[in-house]
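Okay, everyone, thanks for coming. Let me put the model up and then walk you through the contacts I picked out.

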Amino acid sequence: QVQLVESGGGLVQPGESLTLSCKMSGRFWSYRRKGWYRQAPGKERELVARITNGGNADYAGDAKGRFIISRDNPSGMMYLQMNALKAEDTAKYFCNAEVQRDLGSQYVEVWGQGTLVTVSS
């Protein structure tokens, strides 16, 4: 069973930075892509950034230029460095992975429980 556990959320002031972490554990054959999503109160979950196993990253909306996604495959960690945070970034942040449990099996999506980020003065 693959598990994703996020950490690093908290309360920050506008303009500050915060780095989220996601630890992937459990047995799996490979993963194709990992990503960070967020869900603000009353809104749908949306993509923030994602990164392939090979390290190619892409960003959604104004995360581009402010946020940096990275991963360290040997440790199973993924990070989201968030800079110049705004009140609109307030949300619960989730990590996601597209995982192949066994060689030749279908990729399945795995989600973490989320970590709350609040940007407020």
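So, where is the place of Gln3? Gln3 sits in strand E1, residues 3–7; helices (H or I, at least four residues) and strands (E, at least two) are DSSP runs, numbered from the N terminus.

Quick housekeeping before I go on. This is a predicted model, so local features need pLDDT of at least 70 and side-chain atom pairs count only at pLDDT 80 or more, while totals for chains, interfaces and linings use all residues. Residues are numbered from 1 along each chain as its sequence is written, and side-chain values use heavy atoms, with hydrogens and water left out.

Back to Gln3. Is Gln3 buried, exposed or partly exposed? Gln3 comes out partly exposed, because its relative accessible area is 48%; buried means under 20%, exposed over 50%, and partly exposed in between, with a 1.4 Å probe and protein chains only. Leaving aside residues up to four places away in sequence, Gln3 touches Lys23, Met24 and Ser25, where contact means heavy atoms within 4.5 Å.

Now the inside. In soluble globular proteins, nonpolar side chains tend to be buried together. Here the largest nonpolar core has 28 residues; a core is a set of buried Ala, Val, Leu, Ile, Met, Phe, Trp, Tyr and Cys residues joined through side-chain atoms within 4.5 Å. Which strands each supply at least two residues of this core? Those are E3 (18–25), E4 (30–39), E5 (46–52), E7 (67–72), E8 (77–82), E9 (91–100) and E11 (115–119). E9 gives the largest share, 5 residues.

The residues with the most contacts inside the core are Leu20, Trp36, Val48, Phe67, Leu80, Met82 and Tyr93. Take Leu20: not counting residues up to four places away in sequence, its contacts include Trp36, Leu80, Met82, Tyr93 and Val117.

Next, the cysteines. Searching the whole structure turns up 1 disulfide, meaning a pair of cysteine sulfur atoms within 2.5 Å. That disulfide joins Cys22 to Cys95, S to S 2.1 Å. Cys22 lies in strand E3 and Cys95 in strand E9, so the pair ties together parts that are 73 residues apart in sequence. Why call the disulfide of Cys22 and Cys95 right-handed? Because the torsion about the S-S bond is about 60°. Both Cys22 and Cys95 are buried, by the way.

On to the rings. The whole-structure search finds 1 aromatic pair; the rule is that rings of Phe, Tyr and Trp (its six-membered ring) pair if their centres lie within 6.5 Å, with planes under 30 degrees apart counted as stacked, over 60 as edge-to-face and the rest as tilted. Tyr37 and Trp111 are that edge-to-face pair, 5.0 Å centre to centre with 65° between the planes. Tyr37 is in strand E4 and Trp111 in strand E10 (residues 107–111), 74 residues apart, so to speak, distant parts of the chain. Tyr37 counts as buried at 16% relative accessibility, whereas Trp111 is partly exposed at 32%.

There are charges over rings too: NZ of Lys or CZ of Arg within 6 Å of the ring centre and within 35 degrees of the ring normal. Arg32 lies over the face of Tyr107, 4.2 Å from the ring centre, and Arg45 lies over Phe94 at 3.7 Å.

Last topic, charge pairs. Side chains of opposite charge can pair when their charged atoms come close. How many salt bridges does the structure hold? It holds 9, each a side-chain nitrogen of Lys or Arg within 4 Å of a carboxyl oxygen of Asp or Glu.

One of them is Asp102 with Arg27, closest N and O atoms 3.0 Å apart. Asp102 lies in the loop between E9 and E10 and Arg27 in the loop between E3 and E4, so this pair ties together parts 75 residues apart in sequence. Arg27 is exposed at 56%, while Asp102 is partly exposed at 36%.

Another is Arg33 with Glu98, 3.1 Å from N to O. Glu98 counts as buried at 11% relative accessibility, and Arg33 as partly exposed at 25%.Then there's Lys86 with Asp62, at 2.8 Å, N to O. Lys86 and Asp62 also belong to one network, in which salt bridges that share partners join Arg38, Glu46, Asp62, Arg66, Lys86 and Asp89.
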